[in-house]
Amino acid sequence: MKPYRPAPDPHPVRAKFATARRELSAALIERDDEVDLVLAALVAGEHVLLVGPPGCAKSLLLDALLAWTGGTKFATLLTKFTTPEEVLGPVSLAGLKSDRFVRVTTGKLPEAEFCFLDEVFKASSAILNTLLRVLNERTFDPGDGAVRRVPLRLCVAASNEWPEAGPDLGALFDRFVVRKTVAPIRSRAGRARLLWGPGTVPELSGTITPAEVDAARGAAAALPWSGAAKEALEAVLGDLVRDGVRPGDRRQFRTVGVVRAFAFLCGAERVEPEHLEVARHCLWDDPHEHPERVTRVIAKVANPPGLRVAQLLLEAEGVLGATDARDLAAAATGAAKLGEIERQLGALPGTGRVEAARAYLRDQLRQLKLASIGAV
Ligand SMILES: Nc1ncnc2c1ncn2[C@@H]1O[C@H](COP(=O)(O)OP(=O)(O)OP(=O)(O)O)[C@@H](O)[C@H]1O
Ligand SMILES: [Mg+2]
């Protein structure tokens, strides 16, 4: 009998994304969702914004992503004092001598295929309008009135806080179809790894070229949606309206592309309801309440296993935090609850994330038992 060999992936570039996904997730603590999200955004060509308190690895992840991509890049930390010259390029002196105002854009945002804008909402109004156009229309006028297309594939951005409501920053905020809150490390095991681990910077094997990103984008854009996935998205949108959440038409349309990109990254040949998991980072406008509502609706309509794993892990952290291992009765109750959560995880389709979560729970269960034996 011939040994079994899996059929080669019809999309060779997908293997590169799978490796990057694995390496980034392994290097960063509790950042699996963010890793999936930035890679899906890269494939979909939608800009991505991460918002979270200082020091929660936003830059660590986004820098690693930009180091992985080849091509031209531009990264900057925006402050209210950042000048248009720093982002868009200085005005050409030769041009001025002949009465022309043109920017020299070499090495600046208008020539970048990938960019990282840190503290993006600090951009001054002098930069804002051009930025809006570069991000949305992907065009730039260096000053001579001849509007050019920019080569930008992806803009990643980070901020410590959500922008204040208002037309200026609101328009910039809306340019980011993919947006996520990054929370500090939750689990005790994660914290122990942060404190006592080697503290490595993610180093990805290999790089990806802009042409490969385009190839991935083309392959993802060709993925069909199953009837069930289409129905599920329509049901999610219907439920959201009833819940008072009305993402704009452009946002809805672009979400379809992000979900396709996520399905592609997951190795699927068509979009299924489970891939709607990623839409919870796209289908809302008000960062202060809508993300939770959207997550609830998507969990109810599509019940994606990725979301279920996150919910069960959160429940487990709650149990671990509330259990005093020195109290034998409490430890026994805690262990029973953890065992039940582990059983529920076991009933989900066996993805890498489910297996990692089960291994984590078994480890926590073992430690809880050891601690309570030690206390006797
Ligand atoms: N989840 C994590 N995994 C691995 N390392 C982490 C994690 N969270 C924090 N760190 C450590 O903390 C450092 C700070 O992270 P980083 O500079 O990326 O934070 P940030 O979110 O960009 O903060 P700021 O908002 O201040 O720019 C990292 O370089 C890393 O050493
Ligand atoms: Mg940072």
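Biologist: Why are helix H9 and helix H11 called roughly perpendicular?

Modeller: In this predicted model, H9 (residues 210-221) and H11 (residues 249-265) pack at an angle of about 105°, with axes 8 Å apart. Angles of 65 to 115 degrees count as roughly perpendicular, under 35 as roughly parallel, over 145 as roughly antiparallel and the rest as oblique; H9 and H11 are therefore roughly perpendicular. Axes are lines fitted to C-alpha atoms over the stretch in contact, and angles run from 0 to 180 degrees between N-to-C directions.

Biologist: Which residues of H9 and H11 meet?

Modeller: Ala216, Ala219, Ala220 and Ala221 in H9 meet Arg260, Ala261 and Phe264 in H11, where contact means heavy atoms within 4.5 Å. The residues of this contact divide into 6 nonpolar, no polar and 1 charged.

Biologist: How much of ligand 1 does the protein cover?

Modeller: The protein covers 70% of the 640 Å² of accessible area that ligand 1 has on its own, by the Shrake-Rupley method with a 1.4 Å probe.

Biologist: What conventions apply?

Modeller: Residues are numbered from 1 along each chain, while chains are lettered from A and ligands numbered from 1 in written order. Local features need pLDDT of at least 70 and side-chain atom pairs pLDDT 80 or more, whereas totals for chains, interfaces and linings use all residues; side-chain values use heavy atoms, without hydrogens or water.

Notes: Helix = DSSP H or I, 4+ residues; strand = E, 2+ residues; numbered from the N terminus. Nonpolar A, V, L, I, M, F, W, Y, C, P; charged D, E, K, R; others polar.
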